[in-house]
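Keep the viewer open as you read.

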Amino acid sequence: MSRAVELEAAAIAEAALRRLDDLTVTKPGSPFTSDLSVNEFLLIYEVGFRPLGLVLGSSVYHVGQQAKTWSQNQELDVLSHAMAHARELAMSRMQFEATRLGADGVVGVRLDTLRHDFGKDMSEFIAIGTAVKADPRAGSRWRGWRDNKGQPFTSNLSGQDFCALIRAGYAPLGLVAGSCVYHIAHQAVANVVGNFGRNVELESFTAALYDARELAMTRIDKAAKALKAEGIVAMKLVQNSHAWGSHTTEFLAVGTAIRPLRGDHEINRPTMVLDLED
């Protein structure tokens with residue numbers, strides 16, 4: 001066991017390790033756990049995967065403050081790094097649990113941030129999803145589901161989207177994210193007074209928000225390149241305010257990096273469905 005894996009094992013609660021051991025395939029008869037809907041469960045099974053268990057990673061993190069200039073648009077890079085690191089800890093622990101189960105990947109991953117009452121500037125970062133394994137009895141034509149680092153893949157795709165992706169000849173490589181915490185400059189008093197009652201673009205605000213989103217997008221692109229992905233699907237760009245005040249916000253870009261399973265794959269044309277309920 002490597003030093004990194006030992007550190008992750010130490011960070012996992014003892015009760016979680018016992019639960020994972022009870023779910024392993026070496027103990028037949030243990031029921032799996034999942035947050036999949038019935039339709040998602042059936043579709044994932046149809047493309048040759050079976051759920052092993054619900055896996056999660058957690059990190060309670062103190063995200064402090066960073067000095068900023070009242071009248072200047074600027075990224076708060078120390079806070080950007082802190083948010084990225086907190087999520088990486090949660091993700092790595094979720095992957096550790098998936099590896100412990102012998103999984104090939106994790107589907108339906110959710111990244112959540114929860115505020116508790118532990119103290120000021122403290123939040124819990126959670127990554128949760130269902131660990132799955134390619135079932136050799138399904139006669140799957142493809143092998144090698146793990147990412148280029150030998151880790152179980154992660155994906156925020158729903159069961160329906162995961163099924164459609166596999167059928168089209170693509171595989172998820174990993175959940176990728178880009179974060180940017182940004183301070184938006186306050187307006188000068190003269191500008192506030194001058195704009196009163198007028199319809200006018202606030203160019204400094206536009207530039208700040210534009211810049212913040214582009215930084216988050218650039219970082220998710222960099223993460224996908226590190227996995228040697230062909231592209232990113234199911235991408236979302238969300239804004240989180242946390243507890244920094246009205247002029248500081250975080251933009252988070254999240255999506256699933258994908259790769260082709262084979263060079264000669266063809267995407268099937270979608271089937272027309274006629275809804276008779278209306």
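Asn156 touches Gly108, Val109, Leu175, Ala234, Val254, Gly255 and Thr256, leaving out residues up to four places away in sequence; a contact here is heavy atoms within 4.5 Å. You'll find Asn156 in the loop between strand E5 (153-154) and helix H5 (159-167). Helices (H or I, at least four residues) and strands (E, at least two) are DSSP runs, numbered from the N terminus.

This is a predicted model, where local features need pLDDT of at least 70 and side-chain atom pairs count only at pLDDT 80 or more, while totals for chains, interfaces and linings use all residues. Residues are numbered from 1 along each chain as its sequence is written, and side-chain values use heavy atoms, with hydrogens and water left out.

| Partner of Asn156 side chain | Distance |
|---|---|
| Thr256 side chain (polar contact) | 2.5 Å |

A polar contact is a pair of N or O atoms within 3.5 Å; within protein, one must be able to donate a hydrogen and the other to accept it, and residues adjacent in sequence count only if both atoms are side-chain atoms.

Is Asn156 buried or exposed? Its relative accessible area is 18%, so Asn156 is buried (under 20%; exposed is over 50%, partly exposed in between, with a 1.4 Å probe and protein chains only).

Now over to strand E4 (residues 122-134), which holds Ile126. Ile126 counts as buried because its relative accessibility is 18%. Beyond its neighbours within four places in sequence, Ile126 is in contact with residues including Gly57, Ala90 and Leu111.
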